[in-house]
Amino acid sequence: MPVVTNIEDLRQIAERRVAKAIYDYVSRGSYDEVTLRANRDDVEALKLRQRVAIDVEKRSTRTTLVGQDVTMPVGIAPVGLTGLNWANGEMLGARAAEKFGIPFTLSTMSICSIEDVASAVTKPFWYQLYVFRDRGFAASLIERAKAAKCSALVLTLDLQIQGQRHMDLKNGLTVPPKLTPGTLLDVMTKPGWVLNVLSGRRKSFGNLEGQIPDAKTLTTLGQWIAGQFDPTLSWKDVEWVKKLWGGKLILKGILDAEDAKIAASTGADAIIVSNHGGRQLDGTVSSISALPEVVQAVGGRTEVWFDGGILSGQDVLRALALGAQGTMIGKAFAYGLGAMGEAGVTKALEIIHKELDVTMALCGLRDVKDASPAILRGASL
């Protein structure tokens, strides 16, 4: 086993181990991937301010996210098809997050179901919702999340219409994976991944099982899902979800100051600045470049978190310095899971936590809650 020191090491292991179609689903973006690249480039462009001769012996990365005590201001973002990176992947990810003391968010498009994940943990996790055209089905998902005692609902707003991801089409991505001449050679070189995924509790979308009429083929399943993303989604639906849910509500996919003001006015407990990992509107701004204007627009009326491009503890601190109260990781989580299962998720969290702690010290910061533009060179809000 190679020595793993950063998220890039986990990414390389995952790329070698996981089927190409699944790895590309995690790592690639929509259209020309301009925004995907900008997410990383713009985060890395923020320069940290090194400080010296400051007593930083006692440091704390602890904080709260929507009232929940956390080991560090990081949550695991909702990632679709997680259970095809490693068998029962959502259950393993939730368990690793619980042990580490951070939130785990289960995607609507998960392989393991809400009930599967609930059976694997002892504390509440979060559930991410897509409001499909079938509002009755959306309502049933909310009720299932309630029954599973999920402590927060993350409503994704930026997938009314799905952006085209070229690699998914070229790879012939299907759920469950389907062998074609194009994929056969790849999976033949990855027998460990094949045997592992076959051992999983489920091979298809666990939350959708039994809900799709006459879904006897992959084509039918794919058509149903594609037809369920709803371009009519509006702020009225957000109010409907909020009333039906009745608990902590987090709105994901905010990238514009005007939308941020509206989102804050709904009474949401938090909003997440996100461009869906560069997987939706290509050519829009990076999440990090939108963060300061969203923070300013919200004016403290709700928590603001950041999602998009975080692959290190340094990245977490950069986002906090620009006003985020929390961050979410998707790719870093999926790379850890794809590389080594639950142990890989734990390793990813340990890496980010240690990097965050060391970077705080070298920036002269003792408490993560005190991060501000002062720890960046030339930054202001």
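Visitor: In this predicted model, does Trp-126 count as buried or exposed, and at what relative accessibility?

Guide: The model shown here is a predicted one, and the answer rests on a cut-off, since a residue is called buried when its relative accessible area is under 20%. Trp-126 falls under that limit and therefore counts as buried, at a relative accessibility of 1%.

Visitor: Which residue forms a stacked aromatic pair with Trp-126?

Guide: Two rings are called stacked when their planes are under 30 degrees apart. The ring in question has its centre 5.5 Å from that of Trp-126, with 15 degrees between the planes, and it belongs to Trp-305.

Visitor: How many residues apart in sequence are the parts that Trp-126 and Trp-305 tie together?

Guide: Trp-126 lies in strand 5, which covers residues 126–129, whereas Trp-305 lies in strand 9, which covers residues 303–307. Trp-305 is also buried, with a relative accessible area of 1%.

Visitor: Is the pair of Phe-132 and Phe-229 stacked or edge-to-face?

Guide: For this pair the angle between the planes decides, and planes over 60 degrees apart count as edge-to-face. The ring centres of Phe-132 and Phe-229 are 5.9 Å apart and their planes stand at 70 degrees, so the pair is edge-to-face.

Visitor: Where does Phe-229 lie?

Guide: Phe-229 counts as buried at 8% relative accessibility, and Phe-132 counts as buried at 0%. Phe-132 lies in the loop between strand 5 and helix 6, while the place of Phe-229 is the loop between helix 10 (218–228) and helix 11 (235–245).

Visitor: Are helix 4 and helix 15 roughly parallel or roughly antiparallel to each other?

Guide: Helix 4 (residues 89–100) packs against helix 15 (residues 331–362) at an angle of about 15 degrees, and their axes are 10 Å apart. Helix 4 passes helix 15 in a right-handed crossing. Angles under 35 degrees count as roughly parallel, and the two helices are therefore roughly parallel.

Visitor: How many nonpolar residues does the contact of helix 1 with helix 15 have?

Guide: Helix 1 (residues 7–17) packs with helix 15 at an angle of about 175 degrees, with the axes 9 Å apart, which makes helix 1 roughly antiparallel to helix 15. Residues of helix 1 in this contact include Ile-7, Leu-10 and Ile-13, and among those of helix 15 are Ala-332, Tyr-335 and Met-340. Sorted by class, the contact has three polar and two charged residues, and its nonpolar residues number eleven.

Note on methods: Residues are numbered from 1 along each chain as its sequence is written. This is a predicted model: local features need pLDDT of at least 70, side-chain atom pairs count only at pLDDT 80 or more; totals for chains, interfaces and linings use all residues. Side-chain values use heavy atoms; hydrogens and water are left out. Axes are lines fitted to C-alpha atoms, for helices over the stretch in contact, and angles run from 0 to 180 degrees between N-to-C directions. Helices (H or I, at least four residues) and strands (E, at least two) are DSSP runs, numbered from the N terminus. Angles under 35 degrees count as roughly parallel, over 145 as roughly antiparallel, 65 to 115 as roughly perpendicular and the rest as oblique. A crossing is left-handed if the near helix is turned anticlockwise from the far one by less than a right angle, and right-handed if clockwise. Contact means heavy atoms within 4.5 Å. Ala, Val, Leu, Ile, Met, Phe, Trp, Tyr, Cys and Pro count as nonpolar, Asp, Glu, Lys and Arg as charged, and the others, Gly among them, as polar. Rings of Phe, Tyr and Trp (its six-membered ring) pair if their centres lie within 6.5 Å; planes under 30 degrees apart count as stacked, over 60 as edge-to-face and the rest as tilted. Buried means under 20% relative accessible area, exposed over 50%, partly exposed in between (1.4 Å probe, protein chains only).
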